[in-house]
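Please look through the model shown below, and then read on for a short account of its sheet and of the helices beside it.

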Amino acid sequence: MSERKRVLVVDDEMLVAMMLEDMLDDLGYQVVGPAASLKQAMDLAQSEALDCAILDLNLGQGVVSTPVAELLRERGVPFLLATGYGASAETDRLGHAGLLGKPFSTSDVENALKATLG
């Protein structure tokens, strides 16, 4: 069996992160994280071997995951933005591989990752 693709999960909502972790595991991906804070996300984005990432754009209390997205882009790691707000100038500027609209289903995640990872 081929090695499972490694997906970084960044979301400040524990239930969403756990749900996404279960979805990814069911789809055959290896989850890195999940990271709930910007610092934890930056540490993982910098130090881990990653094939892709799913980033919640808003990490609560006015914190956004933009620095994580920029770091991943510099490393050449594609990422999906999970947001309940849809596309915006901010999401477009980040150069994401796709948007996952919240709430999302397992098939939404599967289709987005297939489109991103080929």
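Predicted model: local features only at pLDDT ≥ 70, side-chain atom pairs only at ≥ 80, totals over all residues.

In strand β5, L100 is the bridge partner of A82. Strand β4 (residues 79-83) and β5 pair in the parallel sense over 4 bridges, where two strands pair if DSSP finds at least two bridges between them, and where strands (E, at least two residues) and helices (H or I, at least four) are DSSP runs numbered from the N terminus.

Residues are numbered from 1 along each chain as its sequence is written, and side-chain values use heavy atoms, leaving out hydrogens and water.

The open sheet has 5 strands in the order β2-β1-β3-β4-β5, with parallel pairing. Because β2 (30-35) and β5 stand at the edges, each with a single partner strand, one side of each is left without a neighbour in the sheet. From one strand to the next, the twist averages 20°.

Strands β1 (residues 6-10) and β3 (residues 52-56) run parallel and are joined by 4 bridges, and V9 stands opposite I54 in β3. Two helices pack on the sheet, as tabulated here; contact means heavy atoms within 4.5 Å, and angles, from 0 to 180 degrees, are taken between N-to-C directions of lines fitted to C-alpha atoms, for helices over the stretch in contact.

| Helix | Strands touched | Angle with β3 |
|---|---|---|
| α3 (residues 66-75) | β3 and β4 | about 165° |
| α5 (residues 106-117) | β3, β4 and β5 | about 130° |
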